Amino acid sequence: MGDDLTSGGPPMGSRRSRITGQPGRREGTRGVTIAVVSTAVVFVAIVFAVTNSPYWPEVKDFFFNREIFLDSLPQVLAKFRRNILYFCIAEVFVLGLALLLAVMRSLRGPVFTPIRGMAIIYTDVFRGIPTILVVYLLAFGIPTLQIPGLPNSPTFWAIVGLILSYSAYVSEVYRAGIESVHPSQVSAARSLGLSRGQSLRHVVIPQAIRRVVPPLMNDFVALQKDTAIIAFVVAVPEAFKQGQILKAASFNMTPLVVVSLVFLIITIPMTRLTDYLVERERRRRQSGSAV
Amino acid sequence: MTEALRVEGLHKRFGELEVLRGVDLAVDEHEVVCLIGASGSGKSTLLRCVNLLEQADAGTIWVHGQDVTATGVNQNAVRESVGIVFQSFNLFPHMTVLRNVTLAPTRVLKQPRAAAEDRGHALLRRLGLDDKADEYPDRLSGGQQQRVAIARALAMDPDIMLLDEITSALDPELVAEVLDTLRELAAQGMTMILATHEMGFARDVANRVYFLDEGRILEEGTPEQIFSSPKQERTQQFLERIIAAGRM
């Protein structure tokens, strides 16, 4: 369908169209040219202005030192594996706990008022406290008490903090999904003799999860980044902490720029994937809106 | 004849709006009953009350002699024996056609998956849909979707089928295939209560017709009586409007 529109343009036409903000739409060769040229001009101007500013050599050496960069990259990457591990552990629990909270909150009827109330208080409290504060309270607080039967590892409690905080956010995402499933779906399920719980499990939740994958991915990205909070409160050698150590040794910020880049390697593809999923969901809804 | 369904003094209000104002109705086994009346006259609400999807404010409903409006009744069990098909199909979009049909038999009746699927295939074949078993609902036409919805309700082996304006959301050329399915069901002796605007169908297939007006049953009789010599003025007016609209 779009063949006749893009065939006249340069081979990179479809890629360029993202920059114009109109993927796959007409604009033609002329639009692409304008986009390329104006972008190039702006970039060159910025680079020229920055590199010719009076303090650029100092800035460059302090943030973008080539040797320190190459030296710290493998060390930071090695420690980044821990961030990924913490992220994976936390994410599994977040997805489970958040779904439980969302279901608790969607229960109807006076019998469930206390359960619903508990879920509401939980989300209000943990969404309202800065994540770093929750992590700090748990990681420094609980190990100090030396309570028998409870783990004393600050890292353990830091991850628990992340899970508690993010579950509150993610449960709201799930809840939006559950509420977006049309009541007629529940009517259909109940009319077949399915119980309330069965309707929720087999009809509502599968559809809800499908719809909230894109916003869930956004929270994935945020959680991935916030694994760095653990370094702030606990002396655990993950990427951020490693960057701080290297920075202290070299009196140079470059290692922390390296840490930033390493995070971007993960988060940018995830963000793009999220955009893609949002777009796909949008198209799917537009084409399937007949029912 | 045994009585499949009896409704007495049914009242239902949504906030300020009183939708049902004392409905009495009795349906024998193997009988096909049509509910006609203007939009908002309470046809759908009546069917939803019978299926217990809406809780009646007052009145009693007996299904095969059992008072299903009594407290402590297992509503899920009642719904197993009373199937309902909706105007907007309400198929489960995330499941294949076959899974739509087998969900309730496997989860509610605890039938083994293989047995439920065999039966599901048989039902779909009967409705001419077996080649669509592995498709998702959004790949089907409206008429096909509605027939899947009928198959899904039939899979629970209901004693009574409630059909809530099931052809109203269909393109005209798709209505016939759904009505044919209903004719077949009627011929096999299924007890059916239809809320419908298909007067031609009501005249051909129904044993009795109820005319609802503002939440009450205004007139009841054989299709012959209702369509040829309606007694009530409101019924006459309604039928004149229908004829003027070319629906009969």
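This is a predicted model: local features need pLDDT of at least 70, side-chain atom pairs count only at pLDDT 80 or more; totals for chains, interfaces and linings use all residues.
Which helix of chain A holds the place of Tyr136(A)? Tyr136(A) sits in helix α7 of chain A.

## A nonpolar patch on chain A

Tyr136(A) belongs to a nonpolar surface patch, together with Ile132(A), Leu133(A), Leu137(A), Phe140(A) and Phe232(A). The accessible area of these residues together is about 610 Å². Helix α7 of chain A, which covers residues 131-145, supplies the largest share of the patch, with 5 residues.

Tyr136(A) itself has a relative accessibility of 44% and therefore counts as partly exposed, since that class lies between the limits of 20% and 50%.

## Salt bridges in chain B

Over all chains, the structure holds 18 salt bridges. Side chains of opposite charge can pair when their charged atoms come close. One such pair is formed by Glu165(B) and Lys43(B), whose side chains meet at 3.5 Å, N to O. Glu165(B) counts as buried because its relative accessibility is 10%. Lys43(B) is likewise buried, with a relative accessible area of 3%.

A salt bridge also joins the side chains of Arg147(B) and Glu177(B), at 2.7 Å from N to O. This pair links distant parts of the chain, 30 residues apart: Arg147(B) is in helix α5 (residues 142-154) of chain B, and Glu177(B) is in helix α6 of chain B. Arg147(B) is buried, at 12% relative accessible area, while Glu177(B) counts as partly exposed, at 23% relative accessibility. In a further salt bridge, the side chains of Glu135(B) and Arg139(B) meet at 3.5 Å, N to O. Glu135(B) is partly exposed, with a relative accessible area of 27%, and Arg139(B) is exposed, with 62%.

In chain A, salt bridges link Arg105(A), Glu172(A), Arg175(A) and Glu179(A) in a network.

Ile265(A) is placed in helix α12 of chain A, which spans residues 254-287. Its relative accessibility is 56%, so Ile265(A) counts as exposed. Between the C-alpha atoms of Ile265(A) and Pro151(A) there is a separation of 33 Å, and the two residues are 114 residues apart along the chain.

## The second largest pocket

What is the volume of the second largest pocket? The second largest pocket has a volume of about 990 Å³. Its lining consists of 35 residues, and the closest to the centre are Arg108(A), Val186(A), Arg190(A), Arg196(A) and Leu53(B). By class, the lining comprises 16 nonpolar, 11 polar and 8 charged residues.

Elements of chains A and B contribute to this lining. At least two residues each come from α8 (154-180), α9 (183-191) and α10 (196-233) of chain A, and from α1 (43-50), β4 (58-63) and α2 (75-81) of chain B. The element that gives the most to the lining is α10(A), with 5 residues.

Methods
Residues are numbered from 1 along each chain as its sequence is written. Chains are lettered from A and ligands numbered from 1 in the order in which they are written. Side-chain values use heavy atoms; hydrogens and water are left out. On a 1 Å grid over the protein atoms alone, a cavity is a set of points where a 1.4 Å probe fits but cannot get out, and a pocket is an open set with protein on both sides within 12 Å along at least five of seven lines; lining residues have an atom within 4 Å of a point. Grid points are joined across faces, edges and corners, and a volume is the space filled by probe spheres set on the points. Helices (H or I, at least four residues) and strands (E, at least two) are DSSP runs, numbered from the N terminus. Ala, Val, Leu, Ile, Met, Phe, Trp, Tyr, Cys and Pro count as nonpolar, Asp, Glu, Lys and Arg as charged, and the others, Gly among them, as polar. Patches are made of residues with over 30% relative accessible area and no salt bridge: like charges are joined within 9 Å, nonpolar side chains (Val, Leu, Ile, Met, Phe, Trp, Tyr) within 5 Å. Accessible areas come from the Shrake-Rupley method with a 1.4 Å probe; for residues, only the protein chains shown count as cover. A salt bridge is a side-chain nitrogen of Lys or Arg within 4 Å of a carboxyl oxygen of Asp or Glu. Buried means under 20% relative accessible area, exposed over 50%, partly exposed in between (1.4 Å probe, protein chains only).
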